[in-house]
Every structure is written in C-alpha cells, then in structure tokens.
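Take a look at the model below.

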Amino acid sequence: MTTAALEPRAGRRCHNALNTLHSTHYFSPDLGRELGAVGITHPRAVNFAVRAAALGPVGAGAVTAAFYNYKHELVARHVPAVWRSAAPEQVLAARLRAADATLRRLLGEETVGSPEMAEAARLALRATEGCARPARPLYSAHADLPVPDEPHLALWHAATLLREHRGDGHLAALAAAELDGLEALVTHTATGRGMTPKWVFSTRGWTREEWDAAVARLRERGLLDGAGELTERGVALREEIERETDRLDAAPYARLGAEGVARLTELAGGFARTAAYAGAFPADLLGKG
C-alpha cells in the first residue's frame, strides 16, 4: 500500500476532508456549553483556549505566533487570562466532550458506531505516523495527547494532528512568501475559498481600516488589482504557497499510500458532507463577501 505513487494533490484533498470534520466543533453549540461549564464563555476566549491548550498555559505571544493570522491585541485580551478560568487539562477534556457531542449530533449514532468509522480512524492514525515534530509546535503539542478509545474520537484526534501538521507547514510557506497574517487572510479570501471579511473581522480581530491597508500593500506588490481581485502574480503566489504546503505535508500521506489515501478521502469526505448538510457551518462563512 505504501509504495504506490500519490497524485500531486491527493494529500491536500484528504486533508481538506479531514479538516472539515475536525472543524465542526469550532462552530458547535456543544463547544460553548462545555467551555462555559468550566468558566470560559467569551467566544474568542473559547477559540484560543481549545486550540492552544495542548501547548500548556502559554502567554499571548506564543498563541499569536502559533496561530499567525490573529491580531495580537485580540489574543492578549484573552490570553493568558483564560487559564485563570480553567487549566489547560480542563479545557482539553471539555473540548473532547464537545467533539463527541458534535459528531454524534451531526453524523448520528449509526454512523458514529459504524465499521466505516473504525476503518477511517485506523487509516488516519496510520497517516499520523508520518508526521514530524521539528518546527511544528501545534502539531507536536497535540501529538503528546492520548489517542481516545472510541473510533469517532480517534478519527477526530487524528484529523486534528494532520490539520495542525499541515497548518504549521503552511505558516512556514506564508512567511517565506512574505505575507503577514492579515495579508494571508486577504489573499486567501480573494481566492474565493477563504473566510468572508465579516468573519475575519469578528474572529481575527482586524478592522476594516486594517484590511484596506493590507489590500493597498498587496496592490503595491502587484498581487491584487484595483478591484481587490488576485492578479496573475497573485494567483501564482497562492498556488506556489499551496504547492509548498503540499511538499512540506507529503510524509503522512506517503506513509499511508495511494490506496489508503483514496479510501480515507472517501470515508472522511462522506462524513464531512453529512456534517455540512446537517448545518455544521454558517452559510456565510466562506467566499469573497
């Protein structure tokens, strides 16, 4: 299984399906309920806590660096204060309970307990064996966490590892392309596959004025045109960033092999579509706005 050649974007497609499944809990009422029960109620504090908890009780600087595209002042309003409400260990336990409730609600008990779910968990965990720790702080921190026993949570855990592994590499590609956090968001939104400006402002802490200033900088570089659309150079840069991200993230999928990647993509894609159809994500989350 591990010797067959992978198609150039096979790993990316597999990651996209797994990342969709992983991301369902960020928009779930179950997450707010579980974090509220341990004393964390502000939506931004919830987001910072659940994703950073694996790093331990870190300060704002570490979170801003690891997350890349959040405004530091927004992070500093909630971190490290959030750890006074709940210790990282409490946050991690609450996050797992939320993931459990969310997947059961969106996918249904029959799917959660299905042989296909167990198969997907085995394949995803096998892929994580190809991940590497150096220069990948969020992946490495999550890799220290135990694998849950239940297959649907083991799949969610593996999806989290694969998402953060690719994400850490993606940040290296963005930095090499000399895009700061907001410029990265602006160019991603311009592709039509990123978050709408509305969601960037409400979740990342940036203002319309800061967005417009980033647009002006990108125009000066020849990456955006007068209408805010990607130029030919801008399209080429975004494509190069994704290719470099693919290259840095190739090992987990090479470890799984072409047949395994295809099967995991099929299974995770089916679960992700079911979750999306069940209303896992806001209708206005993605697009140019």
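At 38% relative accessibility, Arg97 counts as partly exposed (buried is under 20% relative accessible area, exposed over 50%, partly exposed in between, with a 1.4 Å probe and protein chains only). Glu34 counts as buried because its relative accessibility is 13%. Glu34 and Arg97 form a salt bridge, with the closest N and O atoms 2.9 Å apart (a side-chain nitrogen of Lys or Arg within 4 Å of a carboxyl oxygen of Asp or Glu). Glu34 sits in helix 2 and Arg97 in helix 7, 63 residues apart (helices are DSSP runs of H or I, at least four residues, numbered from the N terminus).

This is a predicted model: local features need pLDDT of at least 70, side-chain atom pairs count only at pLDDT 80 or more, and totals for chains, interfaces and linings use all residues. Residues are numbered from 1 along each chain as its sequence is written, and side-chain values use heavy atoms, leaving out hydrogens and water.

## Other salt bridges

The structure holds 28 salt bridges. One of them pairs Glu164 with Arg51, the closest N and O atoms being 2.9 Å apart. Glu164 is in helix 11 (residues 151-176) and Arg51 in helix 3 (residues 43-52), 113 residues apart. Both Glu164 and Arg51 are buried.

Asp144 forms a salt bridge with Arg133, at 3.1 Å between the closest N and O atoms. Asp144 counts as exposed, at 57% relative accessibility. Arg133 is partly exposed, with 37% relative accessible area.

How values were computed:
Helices (H or I, at least four residues) and strands (E, at least two) are DSSP runs, numbered from the N terminus.
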